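Visitor: I'd like a close look at a single part of this protein, please. Could you put it up first?

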Amino acid sequence: MSIGRFILSICILLLSLLFIGSALAHGAYPKPEKFLEHDDPAGYAQAAMDFLAENPDSVLAPRVALDLLMVATVFHNTQYADMMTKLLVLDYAQSLQARYFRSTFPDADSYRALLARTLDEFAREPNAAFPAQYAHGLGFALDDFGDQLLSDADFLLKSAYVLGAAGEAEAKQDFLARLAPMVSKDDELGSIMALAAGAQKNIVETTRELHAISRNNTALFLRDLFIFLMTETERETPAMRQVAAEAYIEAKRFRDALPILERQPLEEHGEKIFFQRAWSHAALGEHEKALGLLRQLDEHYPGSPWRVPGRQLTDALEQYDVRLEAFTEALLTLTATITDLDAFEGTLFFTPEGSAVPMSLYLALSMENNFLEAQLRREDSLKYAYKTSPEGSMLFAKGDNVIHRFLEPGPAPSFKLDLQRDMHGRFQLDLSAHLVDDLQDIALSNRTFLESPYLTTREGAMELMQYTMQSGYLLGEIIKTDEQPTQTRLTLLMLDARDPETTASGSLILNDTGQLVGLEMKNVEVRDVQYGESSAVTFSPPEWPMLDVVESREFNIGSFFNILGNLAQLFMDLED
């Protein structure tokens, strides 16, 4: 054999061995069936995560991501489901598995909502890899959904600047050109678009101006994006440091905000800086440092309006141990009262921001009797009413001038709550809703939630309450009423990093047995709550209108879904 042929044979043999090794490695990916036949979804999730961490560029990685997404969805692990969704949307968007995933969405609007969620998550926790990943994922989504994906002006503006951050200048200009005629009917978005255009000339000044109007979500997003894109020199000017620190506090990134605030001169806005530093120390568990700064705030700025939230923070820190114990005990007792809930009645009141016209939703349900009734009113005018039981169902929509009665029961809404702590230590409360025929689904779907150690054990509940402080909330005053029946109000406070006169609060109102009887937060209030065994709860629904009744044998699901659509539109109109 010639030397040349011998060398060629050796090369072919080595290549063959490499190929076989690669194929064997690819064949070693974790298969869910092997774990699920032993009832071990957690073991599969760990094996899949290990594979993806070690082989992110493997041709089999998208398959593993989709398999884990399915397993996590079936076994209600929202943390892994969210992680795999992002991989398929961004990293593996070109794969067959991602194309299948996109095909499960009914339309461009629903997939755009998912992309918009990734944008908002990036704004809260920016990372350098995201713009390029987003450009990659968006490109393949456009291949599948076309221009319908770009029909929302807010999404288009945010996407344009992320594409610009990814170096896709041509795509950015194309998006902005598409956006121009859309913002002609939206003065607020048009002004934000015009303002953002100035970032090319002076990103610092543009970011400061966006900060001033960042109560608007789009302005907030662009502000955070521009902070992320700045050079260190641009970010280190005193004016820009203050904007960045306030942005970090609003994102609950107190550890990032604190060193910036400590470098700020106190000649301008010194009292605000003292308060922001104290709040950051408090959120990080450094209570003595926070109290020391608050004493300096009182001493050096006796007439400052920042002393008002300063006193609230001081009070929360000085009473922290007592309140932590009381809040923990209340949470454990409340969970115990809800665990065996079979019947519920209550009324929710909602007043849209900037409106004086309240909405109210009455709700009563009995899981034992498979009964549900709901009534929606605007002021005192009944807009919609619905009732279902094994004996039949009734439906009313204002404008019909009749009540529809059906001899068969209709569907009922059910929901699932999920409380988990992710690998970064953050608590996540997820809510999903669907329609069911049997209201017992509510109890079955939420059994895991109500058995969570964060709601049923003292150590877990205390950990959850401590996390509220780390997230910037304050354990507020606990007030017990003297009159009968005795009630206890527990309040959480959220201060404002920029406005000393703005404090948000939410309150739980419990009776003397620890049951929830009311809830108050911002523009939402829940009153007249009662729950327990069906035999112990007597429903008192508002009256239906006195109208002719049209009777049918089969339930009209089309009318039901039409009402659901009208409800969604009604609340969107109210928010606008």
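Visitor: Leaving aside its neighbours within four places in sequence, which residues is Arg-323 in contact with?

Guide: Before we zoom in, a word on what you're looking at: this is a predicted model, where local features need pLDDT of at least 70, side-chain atom pairs count only at pLDDT 80 or more, and totals for chains, interfaces and linings use all residues. Residues are numbered from 1 along each chain as its sequence is written, and side-chain values use heavy atoms, with hydrogens and water left out.

Now to your residue. Arg-323 sits in helix 20, residues 320-339 (helices are DSSP runs of H or I with at least four residues, strands are runs of E with at least two, and both are numbered from the N terminus). Leaving aside neighbours within four places in sequence, Arg-323 is in contact with Asp-315, Ala-316, Leu-475, Gly-476, Glu-477 and Ile-478 (contact means heavy atoms within 4.5 Å).

Is Arg-323 buried or exposed? Its relative accessible area is 8%, so Arg-323 is buried (buried means under 20% relative accessible area, exposed over 50%, partly exposed in between, using a 1.4 Å probe and protein chains only).

Let's follow Gly-476 to another residue. Thr-491 also has Gly-476 on its contact list, along with Phe-327, Leu-474, Leu-475, Glu-477, Ser-505, Gly-506 and Ser-507, again leaving aside neighbours within four places in sequence. You'll find Thr-491 in strand 10, residues 487-494. Thr-491 counts as buried because its relative accessibility is 12%. Its side chain makes a polar contact with the side chain of Ser-507, at 2.8 Å.

While we're talking about side chains that meet, how about charged ones? A search of the whole structure finds 29 salt bridges (each a side-chain nitrogen of Lys or Arg within 4 Å of a carboxyl oxygen of Asp or Glu). One of them joins Arg-117 to Asp-82, with 3.9 Å between the closest N and O atoms. Arg-117 lies in helix 7 and Asp-82 in helix 5, so this pair ties together parts that are 35 residues apart in sequence. Arg-117 is partly exposed, at 40% relative accessible area, and Asp-82 is partly exposed as well, at 27%.

Another bridge pairs Arg-223 with Asp-224, where the closest N and O atoms are 2.9 Å apart. Arg-223 counts as buried at 1% relative accessibility, and Asp-224 counts as buried at 16%. Then there's Arg-527 with Glu-525, a salt bridge of 2.9 Å from N to O. Arg-527 is partly exposed, with a relative accessible area of 35%, and Glu-525 is partly exposed at 25%. Back with Arg-117, salt bridges that share partners join Asp-82, Lys-86, Arg-117 and Glu-121 into one network.

Conventions: Polar contact = N/O pair within 3.5 Å; in protein donor to acceptor, adjacent residues only side chain to side chain.
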